[in-house]
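These are my notebook entries on a structure that I looked through for the first time. I set down what I looked up, entry by entry.

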Amino acid sequence: MVPGDDDRARALSRVKWAATLLLVGTAALFGVARALDHTHWAWGYVAAFAAAATVGGLADWYAVVALFRRPLGLPIPHTAIIPRNHVRIADNLGSFIETNFLAPEAVDRKLAEVDFAAQIAEWLSDRERSAALARFVVGLLPQTLAAMDQSGLRRFMGERVRGELQRLELAPLAASLLSALQESGRHQRLLNELLAAVDKVLADPATLDALREKIRRELPALFNLYKADAYLLRKIVASTVSFIEEAKAQPDHPLRREFDRFVSGFADRLRESPDYARRLEAAKQELLARPQVSTLADRAWDGVRSWLERDLASDESQVRRHLETMLVDVGRQLAEDEAVRAEINRGVVRLLGDFVQTQKSGVGRFIADQVKGWDIDMLIGRIELTVGRDLQYIRFNGALIGGLAGLVLHAFEQGAKFWL
């Protein structure tokens, strides 16, 4: 029972009784008017009004009842319209909703009224909600990792990665990478690191001893008597360190310009030289063919998985904390960027609109099947409770309109008799 059905049923019953009493009243008035017709001419007009009102009321009672059932239970054709056309009504209802309510323009217009991005931003900006979402996502990771191992997805992904690496052309990629580094000036940072490494090596006593021993073996014995090896080593190291310091301090140092030319020329050779491309391809294939690569990949995966499992099991999980912070930041940035929100909303409208259009035929069939599955007596009861009260007022209107029509016709009849 739907809330309010009892009140609607009582109101419908009252209107039905009132319409029936009106019909009985007009019939009784007709009888009285006919009985008194000889006493005064006005009773003729009353009888004409009552007769037409009774006919109009009866006709509209028949029409209203014929919608839902057979009047007086008689097998009159074209009655009990709703029960007899239950299936057709269901199909037409489903088709009507599919065609009119789920039309592309109507769906897109309604979806465009919703600011999906703003709702997402507001939801994510709440730290408690983002924390709950982060906990939910993190809680799925252990099962996801286990499923990847058990389902063979890990092996499949490994084979896909290996296949993509085998198809990857290293020479153009390396050339593009070097060009990008040079354009951004980052290759000079690499040179700085190399110079710092050389400087550190020259300051290492063990390295200096090895260099001195190398010089001693190369010099004649006579020079070693005067410790020329130590003198040469100091000169070499001092000159080298001075050269390195100058190169590090001067942005336009010749070494830097030479390094620029080297990087640019090497990138061009990688991009244009078939020989370089063959060498890199051969080295890549040889590397991928080694079993150590697969072993290394498996160990890396196991290490990452082990670390994730330990971190996720901790109350102070770094992954969960960083994910929570990231979600909150995404929500705040989205709330501040109107252009991004507009783009997201357009994307959501297109996505949902396309989904509705692909599924609307199923929605129409679903509605039709649901209506077909309803109990017909229950369906009629629901319709009567919803619109029955308004339909009963048709009976009042029918009696009134019929009575007025009868009154007018009687007046024409009396006028014709008078003039003729």
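The entries below take up salt bridges, aromatic rings, the cavity search and a surface patch.

**Entry 1: Ground rules.** I noted that this is a predicted model, in which local features need pLDDT of at least 70 and side-chain atom pairs count only at pLDDT 80 or more, while totals for chains, interfaces and linings use all residues. Residues are numbered from 1 along each chain as its sequence is written, and side-chain values use heavy atoms, with hydrogens and water left out.

**Entry 2: Salt bridges.** I looked for side-chain nitrogens of Lys or Arg within 4 Å of a carboxyl oxygen of Asp or Glu, which is the rule for a salt bridge. The count comes to 9 salt bridges.

I began with D7 and R10, whose side chains meet at 2.3 Å, N to O. They lie 3 residues apart in helix 1, so about one helical turn separates them. D7 is partly exposed at 48%, and R10 is partly exposed at 45%.

Next I looked up E324 and R127, which form a salt bridge at 3.2 Å, N to O. This pair links distant parts of the chain, with E324 in helix 17 (residues 318-336) and R127 in helix 7 (residues 127-150), 197 residues apart. E324 is buried at 17% relative accessible area, whereas R127 is partly exposed at 38%.

In helix 14 (residues 254-272), R271 and D268 are 3 residues apart, about one turn of the helix. The R271 and D268 side chains meet at 3.3 Å, N to O.

**Entry 3: Aromatic rings.** How many aromatic pairs does the rule give? Rings of Phe, Tyr and Trp (its six-membered ring) pair if their centres lie within 6.5 Å; planes under 30 degrees apart are stacked, over 60 edge-to-face, and the rest tilted. I recorded 4 aromatic pairs. Y393 and F396 have ring centres 5.6 Å apart and planes at 35°, so this pair is tilted. Both residues sit in helix 19 (residues 376-419), 3 residues apart. Y393 is partly exposed at 35%, and F396 is partly exposed at 23%. I also noted one aromatic cluster, formed by F259, F262 and F266.

**Entry 4: Cavity.** I searched the whole structure and found 1 cavity of 30 Å³ or more. A cavity is a set of points on a 1 Å grid over the protein atoms alone where a 1.4 Å probe fits but cannot get out, and lining residues have an atom within 4 Å of a point. The volume, which is the space filled by probe spheres set on the points, is about 40 Å³ for the largest cavity. Its lining includes A19, W61 and F396. Helix 1 (5-35), helix 2 (42-68) and helix 19 each give two or more residues to this lining.

**Entry 5: Surface patch.** Finally, I found V161, L165, L168 and L173 in a nonpolar surface patch with about 310 Å² of accessible area together. Patch residues have over 30% relative accessible area and no salt bridge, and nonpolar side chains (Val, Leu, Ile, Met, Phe, Trp, Tyr) are joined within 5 Å, like charges within 9 Å. The areas come from the Shrake-Rupley method with a 1.4 Å probe. L165 belongs to helix 8 (residues 153-167) and is partly exposed at 36%.

How values were computed:
Helices (H or I, at least four residues) and strands (E, at least two) are DSSP runs, numbered from the N terminus. Buried means under 20% relative accessible area, exposed over 50%, partly exposed in between (1.4 Å probe, protein chains only). On a 1 Å grid over the protein atoms alone, a cavity is a set of points where a 1.4 Å probe fits but cannot get out, and a pocket is an open set with protein on both sides within 12 Å along at least five of seven lines; lining residues have an atom within 4 Å of a point.
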